[in-house]
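Here is a chain to look at, with a few questions on its aromatic rings.

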Amino acid sequence: MAAQCPLWMGLVLLGALGALQTPAQAQVSVQPNFQQDKKQPADACSRQELRGDAQMGGSSRLSAWLCAGSRASRHLPPAFLGRWFSAGLASNSTWFREKKALLSMCKSVLAPTADGGLNLTSTFVRNNQCETRTMVLQPAGPPGHYSYQNLHWGGVHEVSVVETDYDQYALLCTQGSKGPGHDFRMATLYSRTQSPRAEFKEKFAAFAKAQGFTEDTIVFLPQTDKCMEEPK
């Protein structure tokens, strides 16, 4: 069985002839105050640090010292960066409708580029072997909106992070065109784990339907052990 990661599969879908007709979709927006790299500190320790040592008494200094020790002992996770698993997918491609039963979950890792974009490295199964590819998402417009130049078929993909809590799930929308009459759209559910919670699946289904996708064009990808382990 061949598995394609959602954004990489988008290249295949865009190259396939034909697209399903879908009703008018809701306007795509991006996550408010999207943070690609690091989440802003919002806990009590961070607020205390912002006041400065000059304004602290003895007890406040002790509290700040304890906060520093607490922060050093825990890992501050990146915001949108890091590892994600493709958990749900919807597309208006006829190719997708015919091949969706053959798709399975895959792993994607996001890393920053020097110019503020993203390197998306996806690992998936192809011909019973692990295959890894990297695509560069360039910043385009407000934070959370990216573009990708499709050199094989021509045209540009637009990728928007519509909603995310950074720690558990993300909803993405991808749009592109191969030419007149060949518009391509795809909605993706990314999860930090291979077992997304039911509420995130429901959120994705509602999001996909708001974009004009029907039940038969929405799929939740099955888990797989292939190509999911971290490189040694």
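This is a predicted model: local features need pLDDT of at least 70, side-chain atom pairs count only at pLDDT 80 or more; totals for chains, interfaces and linings use all residues.

Residues are numbered from 1 along each chain as its sequence is written, and side-chain values use heavy atoms, with hydrogens and water left out.

Me: How many aromatic pairs does the structure hold?
Reply: Rings of Phe, Tyr and Trp (its six-membered ring) pair if their centres lie within 6.5 Å; planes under 30 degrees apart count as stacked, over 60 as edge-to-face and the rest as tilted. The number of aromatic pairs in the structure is five.

Me: What kind of pair do the rings of Phe34 and Phe80 form?
Reply: Their centres are 5.4 Å apart. Their planes stand at 65°, so the pair is edge-to-face.

Me: Is Phe220 buried, partly exposed or exposed?
Reply: Buried means under 20% relative accessible area, exposed over 50%, and partly exposed in between (1.4 Å probe, protein chains only). Phe220 has 32% relative accessibility, so Phe220 counts as partly exposed.

Me: Which ring does the charged end of Lys201 sit over?
Reply: A charge sits over a ring if NZ of Lys or CZ of Arg is within 6 Å of the ring centre and within 35 degrees of the ring normal. The charged end of Lys201 is 5.6 Å from the centre of its ring, which belongs to Phe220.

Me: Which residues do ring pairs link into a cluster with Phe34?
Reply: Phe34 is buried, at a relative accessible area of 10%. Ring pairs join Phe34 in a cluster with Phe80, Trp84 and Tyr166.
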